[in-house]
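Keep the viewer open as you read.

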Amino acid sequence: MDRFTRAGLTFQVRDEGPPDGETVVLLHGWPQDGSAFDTVVPLLHASGLRTLVPAQRGYTATARPRARRAYRTEETAADVVGLLDAAGLAQVHLVGHDWGGAQAWAVAAWHPERVLSLTVLSTPHPAAMAASLVTGGQALRSWYMGLFQLPVLPELLVGRLLRRSLADIGLPAPYVEAYARTMAEPGALTGSLNWYRGLPFSGRPAVGPVRVPTTYVWGKDDPALGRAAAERTQAYVQAPYRFVELDAGHWLPETRPEDVAEAVLARVGR
């Protein structure tokens with residue numbers, strides 16, 4: 001498949017690897033695109049796995065609603081279920097990074113019957129994140145989430161500073177340029193920032209405990225997501241769980257593809 005449609009929106013999809021293999025869905029975050037997983041997916045294909053990498057809502061002109069409420073977690077999780085339905089897949093192995101990780105936690109919590117296994121990169125469980133905002137120092141790391149709630153100003157600031165900011169927090173130069181080009185497309189920056197603006201409309205229902213086999217991979221030098229939330233995440237998984245701490249930063253798919261693939265394959269059972 002190369003696309004699917006849900007609720008009047010059309011999402012592009014990269015469908016690669018053995019067509020008869022078990023399927024892994026990989027969800028990118030901000031301000032990435034599907035190329036974040038370019039060096040991960042060949043390693044999964046080599047173990048006989050098919051991969052589906054969708055473009056997220058807001059990142060493509062054919063799936064870019066304007067309303068902030070359209071980016072609440074309930075909608076982004078429903079996008080994943082819509083992908084599975086369109087592909088005719090009852091269950092998949094689910095992988096998410098950054099905002100794609102938050103989305104993956106929600107899918108696994110709300111639709112466990114559709115998820116064979118879960119591997120989340122960087123992003124702690126939402127309840128662990130919320131608890132750490134109060135007692136774990138996460139609020140200082142997440143100050144920008146408040147800024148991104150404002151209209152217009154974030155687009156002006158991010159549009160001007162994106163390349164330098166991404167490079168400063170360790171994203172390799174080829175990805176910096178690729179993501180900056182994507183964000184320069186008309187409407188793309190606003191669409192991607194709307195994931196943050198959808199937060200006040202999210203959480204009803206809350207993302208509860210996850211009851212599918214789960215691996216959480218975290219870089220100890222991640223400037224945005226701290227240790228307190230990472231270590232609290234285990235409390236919200238009621239299934240076989242593995243915590244992988246890497247000597248790395250935030251951009252795990254781009255900078256540590258072998259470790260990411262190893263974590264996914266171990267969880268899948270390959």
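This is a predicted model: local features need pLDDT of at least 70, side-chain atom pairs count only at pLDDT 80 or more; totals for chains, interfaces and linings use all residues.

Val158 sits in helix 7, where helices are DSSP runs of H or I with at least four residues, strands are runs of E with at least two, and both are numbered from the N terminus. Its relative accessible area is 9%, so Val158 is buried; buried here means under 20%, exposed over 50% and partly exposed in between, with a 1.4 Å probe and only the protein chains as cover. Setting aside neighbours within four places in sequence, Val158 is in contact (heavy atoms within 4.5 Å) with Trp30, Phe148 and Leu189.

Residues are numbered from 1 along each chain as its sequence is written, and side-chain values use heavy atoms, with hydrogens and water left out.

Now look at helix 9, which is mostly covered: nine of its 10 residues are buried. Among them are Leu189, Ser192, Leu193, Trp195 and Tyr196. The buried residues of helix 9 pack against helix 2 (73–87), helix 3, helix 6, helix 7 and helix 8 (173–183). Take Ser192 as an example: its relative accessible area is 0%, so it counts as buried. Beyond its neighbours within four places in sequence, Ser192 is in contact with Trp30, Gly58, Tyr59 and Met183.

Aromatic rings come next. Rings of Phe, Tyr and Trp (its six-membered ring) are paired if their centres lie within 6.5 Å; planes under 30 degrees apart are stacked, over 60 edge-to-face, and the rest tilted. That rule gives 10 aromatic pairs. One of these is Phe148 with Tyr196, an edge-to-face pair at 4.9 Å centre to centre and 75° between the planes. Phe148 lies in the loop between helix 6 (143–147) and helix 7, and Tyr196 in helix 9 (residues 188–197), so the pair ties together parts that are 48 residues apart in sequence. Both Phe148 and Tyr196 are buried. Ring pairs also link Trp30, Trp99, Phe148, Trp195 and Tyr196 into a cluster.

Trp30 has a backbone detail worth checking too. Most residues other than glycine have a negative phi, and most peptide bonds are trans. Against that background, the bond joining Trp30 and Pro31 is cis, with omega about -10°. Pro31 belongs to the loop between strand 3 (23–27) and helix 1 (41–45). Asp98 isn't a glycine, yet it has a positive phi of about 60°. You'll find Asp98 in the loop between strand 5 (92–97) and helix 3 (99–110), and with 11% relative accessibility it counts as buried.

On to the charges. A salt bridge is a side-chain nitrogen of Lys or Arg within 4 Å of a carboxyl oxygen of Asp or Glu, and the model has 18 salt bridges by this rule. In the one between Glu75 and Arg6, the closest N and O atoms are 2.5 Å apart. Glu75 lies in helix 2 and Arg6 in strand 1 (residues 3–6), so this pair ties together parts 69 residues apart in sequence. Arg6 is buried, with a relative accessible area of 17%. A network of salt bridges links Arg6, Arg57, Arg72, Glu75 and Asp79. Elsewhere, Asp15 forms a salt bridge with Arg50, the closest N and O atoms being 2.8 Å apart. Asp15 is in strand 2 (residues 9–16) and Arg50 in strand 4 (residues 50–54), so parts 35 residues apart in sequence are tied together.

Val152 lies in the loop between helix 6 and helix 7, and is exposed with a relative accessible area of 55%. Val152 also has a positive phi, about 65°, although it is not a glycine.
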